[in-house]
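Please read these points with the sequence and the structure side by side. They go from single elements to the whole chain.

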Amino acid sequence: MRKLRILALMHNGLVPPEDVTGHDLTTADWRMEYDVSTNLRALGHEVLNVGIGEDLGAIRKSIDEWKPDIAFNMLEDFHDVGVFDQNI
């Protein structure tokens, strides 16, 4: 399997910290995002976690600078509208 550069898109407030020491991983709001990115790394892929707020500029900047092979969209909504997540 080829190693991929994966851009992991998630809400700003759900980007897991680099060091999770001292955090309760069973109750952390960002546990799903942490599990996904950790398991993608365990499969040998490079993962860049990017928090998305009201501005899509972070996505464009990450694509231009990091050159991912694929984006993994973990957003559940955009601008508080649930059906907008698929348009990201």
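1. Buried means under 20% relative accessible area, exposed means over 50%, and partly exposed is in between (1.4 Å probe, protein chains only). Helices (H or I, at least four residues) and strands (E, at least two) are DSSP runs, numbered from the N terminus. This is a predicted model, in which local features need pLDDT of at least 70 and side-chain atom pairs count only at pLDDT 80 or more, while totals for chains, interfaces and linings use all residues. Residues are numbered from 1 along each chain as its sequence is written, and side-chain values use heavy atoms, with hydrogens and water left out.

2. Start with the overall layout. The protein chain has two helices and three strands, and along the sequence they follow the pattern β-α-β-α-β. Of its 88 residues, 30% count as buried. Contact means heavy atoms within 4.5 Å. Among contacts between residues at least 6 apart in sequence, 65% join residues at least 24 apart.

3. Next comes the sheet. Two strands pair if DSSP finds at least two bridges between them. The three strands form an open sheet in the order S2-S1-S3, with parallel pairing. S2 and S3 are the edge strands, as each pairs on one side only. On average, neighbouring strands of this sheet are turned by 25° against each other, direction ignored. Axes are lines fitted to C-alpha atoms, for helices over the stretch in contact, and angles run from 0 to 180 degrees between N-to-C directions.

4. How many bridges join S1 to S2? There are seven, and the two strands run parallel, with S2 covering residues 46-52. Arg5 stands opposite Glu46 in S2, and Leu9 stands opposite Val50 in S2. On the pairing of S1 with S3 (residues 70-73), there are four bridges, again with a parallel run. Ile6 has Ile70 as its bridge partner in S3. S1 itself, residues 5-11, is mostly covered, with six of its seven residues buried.

5. S1, helix H1 (residues 31-42) and S2 make a right-handed β-α-β unit. A crossover is right-handed if, with the strands pointing away from the viewer, the path from the first strand over the helix to the second runs clockwise. H1 lies across S1, S2 and S3 and runs at about 160° to S2.

6. H1 has 12 residues and reaches 16 Å from its first C-alpha to its last, close to the 16 Å expected at 1.5 Å a residue. The expected span of a helix is 1.5 Å times one less than its number of residues. Which residues of H1 are buried? They are Glu33, Tyr34, Val36, Ser37 and Leu40. These residues cover an arc of only 165° around the axis, which puts them on the same side of H1. The arc is that of the directions from the helix axis to the C-beta atoms. What covers them includes S1, S2 and S3. An α-helix has 3.6 residues a turn, so residues three or four places apart point the same way.

7. Tyr34, found in helix H1, deserves a separate look. Not counting residues up to four places away in sequence, Tyr34 touches Pro16, Val20 and Leu25. The C-alpha atoms of Tyr34 and Pro17 are separated by 8.5 Å, with the two residues 17 apart along the chain. After H1 comes Gly44, whose phi is positive, near 100°.

8. Helix H2 covers residues 57-66, and its buried residues are Ile59, Ser62 and Trp66. Seen down the axis of H2, these buried residues fall within an arc of 70°, so they line one face of the helix. What covers them includes S1 and S2. H2 lies across S1 and S2, running at about 155° to S2.

9. Where does Lys67 lie? Lys67 is in the loop between H2 and S3. Its phi is near 55°, a positive value in a residue other than glycine. Most residues other than glycine have a negative phi, and most peptide bonds are trans. Is Lys67 buried or exposed? Lys67 is exposed, with a relative accessible area of 56%.
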